[in-house]
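Student: I have a structure to look at and some terms to sort out. Can we go through them one by one?

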Amino acid sequence: MSSNQDSDRLHSWFLYILECKDGSFYTGITKNLDRRLNQHNHGRASRYTQGRLPVKIRYQEPCAGRSAALIREARVKSFTRKKKEKLIERGEG
């Protein structure tokens with residue numbers, strides 16, 4: 001296995017933050033950001049985002065596996081809005 005494949009396997013999960021039409025944030029994890037964004041924008045991903053469409057990805061962060069992604073998701077969900085905004089500002093681009 002090449003080092004690129006090793007890297008892809010290690011970072012196969014992502015934490016993401018969406019901004020909803022109403023300005024609120026939604027935090028989740030996925031293995032495929034494009035597919036998950038499509039699911040959200042078609043109302044098939046989360047009850048929370050269904051009524052707040054469209055949504056856009058504001059932040060993404062690779063995680064070293066599902067467990068790491070779930071731990072990071074729980075941590076980020078506990079952040080205040082201001083702290084999430086700072087994370088987005090630092091990581092966007």
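Predicted model: local features only at pLDDT ≥ 70, side-chain atom pairs only at ≥ 80, totals over all residues.

Student: Why is Cys20 called buried?

Tutor: Buried means under 20% relative accessible area. Cys20 is at 4%, so Cys20 counts as buried.

Student: What makes Cys63 count as buried?

Tutor: Its value is 4% relative accessibility.

Student: Which residues of helix 2 are buried?

Tutor: Helix 2 spans residues 33-41, and its buried residues are Leu33, Arg36 and His40.

Student: How do you know that they line one face of the helix?

Tutor: Look down the axis of helix 2. The buried residues fall within an arc of 65°, so they line one face. As a general rule, an α-helix has 3.6 residues a turn, so residues three or four places apart point the same way.

Student: What covers these buried residues of helix 2?

Tutor: The cover includes strand 1 (13-19), strand 2 (25-30), helix 3 (47-50) and strand 3 (56-63).

Student: At what angle do helix 4 and helix 5 pack?

Tutor: Helix 4 (residues 66-77) and helix 5 (residues 81-91) pack at about 125°, with axes 9 Å apart.

Student: Which residues make the contact?

Tutor: Helix 4 brings Arg72, Arg75, Val76 and Lys77, and helix 5 brings Lys83, Lys84 and Leu87. Two of the contact residues are nonpolar, none polar and five charged.

Notes: Residues numbered from 1 in each chain as written. Heavy atoms only, no water. Buried < 20%, exposed > 50% of the residue type's maximum accessible area, 1.4 Å probe, protein only. Axes fitted to C-alpha atoms, helices over the stretch in contact; angles between N-to-C directions. Helix = DSSP H or I, 4+ residues; strand = E, 2+ residues; numbered from the N terminus. Contact = heavy atoms within 4.5 Å. Nonpolar A, V, L, I, M, F, W, Y, C, P; charged D, E, K, R; others polar. Arc of directions from axis to C-beta.
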